[in-house]
Amino acid sequence: MREIKTRQLNENFFEVMKSEWALLTAGTLDKFNTMTIGWLTAGIIWGKDVITCYVRPSRYTYEFIQDNDLFTISFYYPQYRNLLSHLGTHSGRDEDKVKTVGFHPIELNHAVSFEEARMTIICKKIYDQAMDETQMQTFGIERYYPRGDYHRFYIGEIIKVYVKD
Ligand SMILES: Cc1cc2nc3c(=O)[nH]c(=O)nc-3n(C[C@H](O)[C@H](O)[C@H](O)COP(=O)(O)O)c2cc1C
């Protein structure tokens with residue numbers, strides 16, 4: 001793994017999130033959980049480079065991102081898509097899904113990612129808030145929240161970016 005600066009990031013997040021997805025992981029090497037994400041926004045707020053991710057409270061990963069200051073977003077080559085699909089359709093509450101897919105967890109800067117990742121971004125939570133249905137257009141409520149479980153969003157300051165050569 002080689003560290004790069006945020007400015008050296010050469011990712012089309014629109015394309016990547018649509019076709020390859022990513023993993024959101026929170027916790028420590030001895031107690032973490034991971035899940036697939038398809039939503040992510042990247043940019044600048046309060047003068048900081050940030051990534052925002054969106055987690056429904058029903059996810060097991062929610063407990064981990066709530067309880068820890070750091071989280072990672074890790075990215076994979078398209079051949080891992082089936083495995084990411086498994087990690088996004090099974091809960092860590094019910095199985096050791098990391099073992100099922102055969103990923104190898106690694107500690108990176110006090111956070112957790114996987115050996116298989118082509119890139120890992122380590123983020124420090126700087127703001128989080130539950131989505132407020134009173135502020136949402138009805139299309140969003142009807143389409144995404146028929147059963148509630150409104151996403152909580154987490155703005156994470158980008159602390160480190162690691163890539164695999
Ligand atoms: C392609 C894809 C994208 C997903 N994106 C998100 C997301 O952005 N936010 C979210 O809360 N769940 C998302 N999910 C659902 C979670 O990954 C899924 O519910 C997972 O099983 C949760 O695992 P956990 O209970 O171990 O945390 C996505 C699932 C898939 C397959």
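Let me start with the make-up of the shell around the ligand, whose residues in this predicted model divide into 7 nonpolar, 11 polar and 3 charged. In total, 21 residues surround the ligand, and the closest are Gly 38, Tyr 60, Thr 61, Gly 88 and Ser 91.

Where does the shell come from, in terms of strands and helices? At least two residues each are supplied by strand S3, residues 31-37, by strand S5, residues 48-55, and by helix H2, residues 60-67, and the largest share, 4 residues, comes from S3.

Let me stay with S3 for a moment. Of its 7 residues, 5 are buried, so the strand is largely enclosed by the rest of the structure. Its partner is strand S2, residues 22-28, which pairs with S3 in the antiparallel sense over 7 bridges, and within that pairing Thr 25 stands opposite Thr 34 of S3. The two strands form a hairpin, with 2 residues between S2 and S3.

Now to H2, the helix that also contributes to the shell around the ligand. Which residues of H2 are buried? They are Thr 61, Phe 64 and Ile 65, and, when one looks down the axis of H2, the buried residues fall within an arc of 95°, so they line one face of the helix.

As for what covers the buried residues of H2, the elements include S2, S3 and S5, together with strand S6, residues 70-75, and strand S10, residues 152-163.

Notes
Residues numbered from 1 in each chain as written. Predicted model: local features only at pLDDT ≥ 70, side-chain atom pairs only at ≥ 80, totals over all residues. Near = placed C-beta within 6 Å. Nonpolar A, V, L, I, M, F, W, Y, C, P; charged D, E, K, R; others polar. Buried ≥ 20, exposed ≤ 12 C-beta atoms within 10 Å, placed from the backbone. Pairing = 2+ DSSP bridges. Arc of directions from axis to C-beta. Contact = placed C-beta atoms within 7 Å.
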